[in-house]
Amino acid sequence: MRRPAALLVTGFALAAAAACSESASSPLSAPAPLMSKSGSELRVGLTSSGGIVPKAFDGNTRGEGSLACSTLGFGNVGLKVDNAVSQKVAGYQFTVSGADKTMLAFAPIAGTTPTTVITAVIVKGGDAYDVYAYGAGRTSDGGLTSPYNNGGNIPTISHYVVCYGPAPTPPPTPVFTKKLVDVMMQDASGMFTDPVYLATGEVRIPFGQTRWLDFELTYTLPVGVTGTITENQVTVCNTLGAADVNDAGDGKITCSI
């Protein structure tokens, strides 16, 4: 597909439209949050460094990791880590810190790109636990704790549960190539190829003169991708490393090099 870019370069192709569907497990019989056994209100632990405010639940988490996650509606895949220990889970390094081992953080294992996302982290300490929920998923966070105890302190982590699921698949993108194939100039006799370009293969536009650029555009579309792609003057001129782009609103493209 070839277009004279000095006038208007418009390609009809696509804007990739990919739909990602995500299903959430319905919670089973989730425990009631925010009340202690004595009937007083629990105080949730710290807001995470990523801005997630946890929900506090009285008592202990249910079963091992997967059951605890499904009970709270975070899918059926999870891992329980007993005691306040740092551990690798699902492609992430979970790190316990603080003098009394009260805080938890996670991030991808150094040098790797996880194929999962963290959907929730449950932090148990004392007689209650905090739930940090991440919606569609998160790849890092820190400052996770259990709820404050009756003495107004955050207790040592007794265990934590990591709920996780597959990372969303990025939408397919088109393969796009663009090649400058001709540089045209004009005199009284009409249009012809710029002899400087013929001799050097370089675009040289003397001050005050105009050239018409002919590009060959190629789009290779992924299966199932539909939509529209429109070439704009910035894309065209950037091919030449242009410093300035002018568009008079008449569909003509001027690159000042």
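Lysine 124 of β7 has tyrosine 129 as its bridge partner in β8. In this predicted model, seven bridges connect β7 with β8, and the two strands run antiparallel. The pairing belongs to an open sheet of five strands, ordered β2-β8-β7-β10-β3, in which the pairing is antiparallel. Its edges are β2 (55–58) and β3 (78–82), each of which pairs on one side only. From one strand to the next, the twist of this sheet averages 20 degrees.

### The chain as a whole

The protein chain contains three helices and 15 strands. It has 257 residues, of which 36% count as buried. Taking contacts between residues at least 6 apart in sequence, 64% join residues at least 24 apart. The chain exposes about 13900 Å², and carbon and sulfur atoms supply 54% of that area.

### The four-stranded sheet

Another open sheet has four strands in the order β4-β5-β6-β9, again with antiparallel pairing. Strands β4 and β9 (141–144) form its edges, each pairing on one side only. The twist averages 20 degrees from one strand to the next.

| Strand pair | Sense and bridges | Residues between the strands | Residue with positive phi |
|---|---|---|---|
| β4 and β5 | antiparallel, three bridges | two residues | Ala90, near 55 degrees |
| β5 and β6 | antiparallel, six bridges | five residues | Gly98, near 95 degrees |

Phenylalanine 94 stands opposite glutamine 87 of β4, and its bridge partner in β6 is phenylalanine 106. Tyrosine 92 has proline 108 as its bridge partner in β6.

The side chains of β5 alternate along the strand.

In soluble globular proteins, nonpolar side chains tend to be buried together. The largest nonpolar core here has 19 residues, and Phe94, Leu104 and Val121 have the most contacts inside it. Two or more residues come from each of β5 (92–97), β6 (103–108), β7 (116–125), β8 (128–138) and β10 (159–166). Strand β7 gives the most, with four residues.

The surroundings of phenylalanine 94 can be described in detail. Beyond its neighbours within four places in sequence, phenylalanine 94 is in contact with Ser86, Gln87, Val89, Leu104, Ala105, Phe106, Ile118, Val121, Tyr160 and Val162.

### Threonine 119 in β7

Strand β7 also carries threonine 119. Its relative accessible area is 13%, which is under the 20% limit, so threonine 119 counts as buried. When neighbours within four places in sequence are left aside, the residues in contact with threonine 119 are Phe74, Tyr132, Ala133, Tyr134, Gly135, Cys163, Tyr164 and Gly165.

### The disulfide

A disulfide is a covalent bond between the sulfur atoms of two cysteines. A search of the whole structure finds one. It joins cysteine 69 to cysteine 163, with an S to S distance of 2.0 Å. This pair links distant parts of the chain, since cysteine 69 lies in helix α1 (residues 65–71) and cysteine 163 in strand β10, 94 residues apart. The torsion about the S-S bond is about -95 degrees, and the disulfide is therefore left-handed.

Conventions. Residues are numbered from 1 along each chain as its sequence is written. This is a predicted model: local features need pLDDT of at least 70, side-chain atom pairs count only at pLDDT 80 or more; totals for chains, interfaces and linings use all residues. Side-chain values use heavy atoms; hydrogens and water are left out. A nonpolar core is a set of buried Ala, Val, Leu, Ile, Met, Phe, Trp, Tyr and Cys residues joined through side-chain atoms within 4.5 Å. Buried means under 20% relative accessible area, exposed over 50%, partly exposed in between (1.4 Å probe, protein chains only). Contact means heavy atoms within 4.5 Å. Two strands pair if DSSP finds at least two bridges between them. Accessible areas come from the Shrake-Rupley method with a 1.4 Å probe; for residues, only the protein chains shown count as cover. Axes are lines fitted to C-alpha atoms, for helices over the stretch in contact, and angles run from 0 to 180 degrees between N-to-C directions. A disulfide is a pair of cysteine sulfur atoms within 2.5 Å.
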